[in-house]
Amino acid sequence: MQVRVLFFGVLKDVAGRSSDVLTLPEEATAGDVIEHYETRLSSLKGSLSSIAVSVNQEYAGLEVKLHSGDEVALLPPVSGGSPRSRITHEPIDTPIVLAAIKSAEDGAAIVFEGVVRNHSRGRRTLFLEYEAYEEMARKQMESLAQQALTQFQIRDVAVVHRLGRVEIGETSVLIIVASAHRAAAFEACRWLIDTLKRTVPIWKKEYFQDGAVWADGEDFPAETPRAGGTHPERPASK
């Protein structure tokens with residue numbers, strides 16, 4: 001049988017490609033896929049303990065049996081190594097993030113996706129481009145996640161922001177909040193996106209047919225120090 005294997009992040013560089021078609025015997029498992037590449041990609045041997053595996057977009061153990069046509073992904077640790085927040089240059093896969101955070105304890109899992117729309121400022125938008133002060137942005141996003149866990153009665157949270165070129169209809173930011181009760185989850189989700197837009201150093205540039213412009217942003221919170229003393233500066237919006 002044949003399965004499609006996907007490589008992400010540093011694993012894509014190690015493999016020299018983003019995907020592969022692998023022929024395996026019947027009754028093969030996810031572990032057989034790992035074993036196959038371990039023997040052919042020596043760089044994997046020292047990092048297997050940090051690599052996750054998914055089968056058909058669901059996290060899977062090595063014992064999971066495969067079927068012809070399955071999609072197997074090898075997943076390195078997320079950018080920044082943070083369990084609740086990350087920055088990525090790849091498309092955001094909401095179902096995978098949601099599946100990783102949901103638990104039998106939850107009565108609600110609120111998903112917010114910031115999606116690139118096709119218009120802005122009365123003009124047709126072609127695409128957006130995001131940039132960030134990445135190290136600071138990661139720290140700020142993780143701090144927001146931890147604050148949300150303290151301030152609201154929620155069990156867990158995930159915050160993901162994409163950088164680089166993002167096309168119309170694609171997700172630029174994802175926030176997922178899991179909780180026993182929906183009210184707390186809604187409140188935390190709203191607080192997270194509103195605060196992220198005001199405090200995390202990420203900026204967007206809007207591209208139109210006749211040019212490009214950095215988006216106007218929201219004011220920093222009053223307590224944030226400014227370069228110009230009492231005159232508030234405005235970051236670009238997220």
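The legends below describe close-up views of a predicted model.

**View 1. The whole chain.** Five helices and 14 strands make up the chain; helices (H or I, at least four residues) and strands (E, at least two) are DSSP runs, numbered from the N terminus. Of its 238 residues, 43% count as buried, that is, under 20% relative accessible area with a 1.4 Å probe, protein chains only. Residues are numbered from 1 along each chain as its sequence is written. Local features need pLDDT of at least 70, and side-chain atom pairs count only at pLDDT 80 or more, whereas totals for chains, interfaces and linings use all residues, and side-chain values use heavy atoms, with hydrogens and water left out.

**View 2. The open four-stranded sheet.** The strand order is S6-S10-S12-S7, with mixed pairing; two strands pair if DSSP finds at least two bridges between them. Strands S6 (85–88) and S7 (108–115) form the edges, each pairing on one side only. From one strand to the next, the twist averages 10 degrees.

**View 3. Pairing of S7 with S12.** S7 and strand S12 (residues 171–179) run antiparallel and are joined by eight bridges. Val111 stands opposite Ile176 in S12.

**View 4. Helix H3 on the sheet.** Helix H3 (residues 94–101) packs on the sheet and touches S6, S7, strand S10 (156–162) and S12, contact meaning heavy atoms within 4.5 Å. The direction of H3 makes about 20 degrees with that of S12; axes are lines fitted to C-alpha atoms, for helices over the stretch in contact, and angles run from 0 to 180 degrees between N-to-C directions.

**View 5. The buried residues of helix H2.** In helix H2 (residues 30–40), the buried residues are Ala30, Gly31, Val33, Ile34, His36 and Tyr37. Their cover includes strands S1 (2–7), S2 (19–23), S3 (52–55) and S5 (71–75).

Technical notes: Buried means under 20% relative accessible area, exposed over 50%, partly exposed in between (1.4 Å probe, protein chains only).
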